[in-house]
Amino acid sequence: MGVVSVATADEYTKLIGSPKLSVTIFSADWAEQCKQVLDVATDLSTKPEYAEVQFINVPAEELSEISLKHQIEAVPTVVFFQSGSAVDRIDGVDIGAFTSKCAKLAGVLASEKGKLEERLKVLINRHPVMIFMKGDRNAPRCGFSKQLIAIVNETGVSYDTFDILTDEDVRQGLKTFSDWPTYPQVYVKGELIGGLDIIKELLASGELNATLAG
């Protein structure tokens, strides 16, 4: 089903009134962090265990009356509804809380380790070239991440980023999952390439573009 985007208050009211669990994401196109939440929601929506869950994208600024009603002060904010009643919410970016609350409210049972590994696999395969870093491509929050983004930008290769500072589960879990203790980390088609030092070595040897192209 994917994530349903609503354009009117009537659409919104009709959807959340359903007996299904409704995961409502109040977002704005200009906010990079909203994209992270929506990407995870899209991934979850494709899984059979979430077949009875509605993931709804609500443009917070366009539907300001609804945002005001639910006291939405920043984006992203996620509100969980059951039969029209709010049963839980997350203010701000917390991908770990988002996935665990979705699972709990949808009655999805899995081990904590299994759920985290599944999330990590989804994230590293979200784009052919994925960079896990402090900050995002537009605002790196450490010198190593800033250097790496500058190098990759020069290649012209398309890529996506994930801000590990927004999710402690991913930040710690990916170190163990990939047996690589530091950030940034670069993945190509789901396979770990390495960090800044490896990228610099590939650049120096003339192999970087070919490596990123997979």
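**Close-up 1. Lys189 sits in the loop between S10 and strand S11 (191–194).** Helices (H or I, at least four residues) and strands (E, at least two) are DSSP runs, numbered from the N terminus. The model is predicted: local features need pLDDT of at least 70, side-chain atom pairs count only at pLDDT 80 or more, and totals for chains, interfaces and linings use all residues. Residues are numbered from 1 along each chain as its sequence is written, and side-chain values use heavy atoms, with hydrogens and water left out. Lys189 is not a glycine, yet its phi is positive, near 50°. Its relative accessibility is 53%, so Lys189 counts as exposed (buried is under 20% relative accessible area, exposed over 50%, partly exposed in between; 1.4 Å probe, protein chains only).

**Close-up 2. Ser83 occupies the loop between S4 and strand S5 (85–91).** Phi of Ser83 is positive, about 55°, although the residue is not a glycine. Most residues other than glycine have a negative phi, and most peptide bonds are trans. Ser83 is partly exposed, at 45% relative accessible area.

**Close-up 3. Two peptide bonds to proline are shown: Val75 to Pro76 and Tyr183 to Pro184.** The Val75 to Pro76 bond is cis, with omega near -5°. Pro76 belongs to the loop between helix H3 (64–69) and S4. The Tyr183 to Pro184 bond is cis, with omega about 5°. Pro184 falls in the loop between H7 and strand S10 (185–188).

**Close-up 4. Phe132 is among the residues with the most contacts inside the largest nonpolar core.** A nonpolar core is a set of buried Ala, Val, Leu, Ile, Met, Phe, Trp, Tyr and Cys residues joined through side-chain atoms within 4.5 Å. Leaving aside neighbours within four places in sequence, the contacts of Phe132 (heavy atoms within 4.5 Å) include Leu123, Phe162, Val170, Tyr183 and Pro184. Another core, of 15 residues, lies apart; Ile131 and Leu148 are among them.

**Close-up 5. The largest cavity holds about 30 Å³ of space.** A cavity is a set of points on a 1 Å grid over the protein atoms alone, where a 1.4 Å probe fits but cannot get out; lining residues have an atom within 4 Å of a point. Grid points are joined across faces, edges and corners, and the volume is the space filled by probe spheres set on the points. Val37, Val78, Asp94 and Phe98 are among the lining residues.

Conventions:
1 Å grid on protein atoms, 1.4 Å probe; cavity = no way out; pocket = protein on both sides within 12 Å on 5 of 7 lines; lining within 4 Å.
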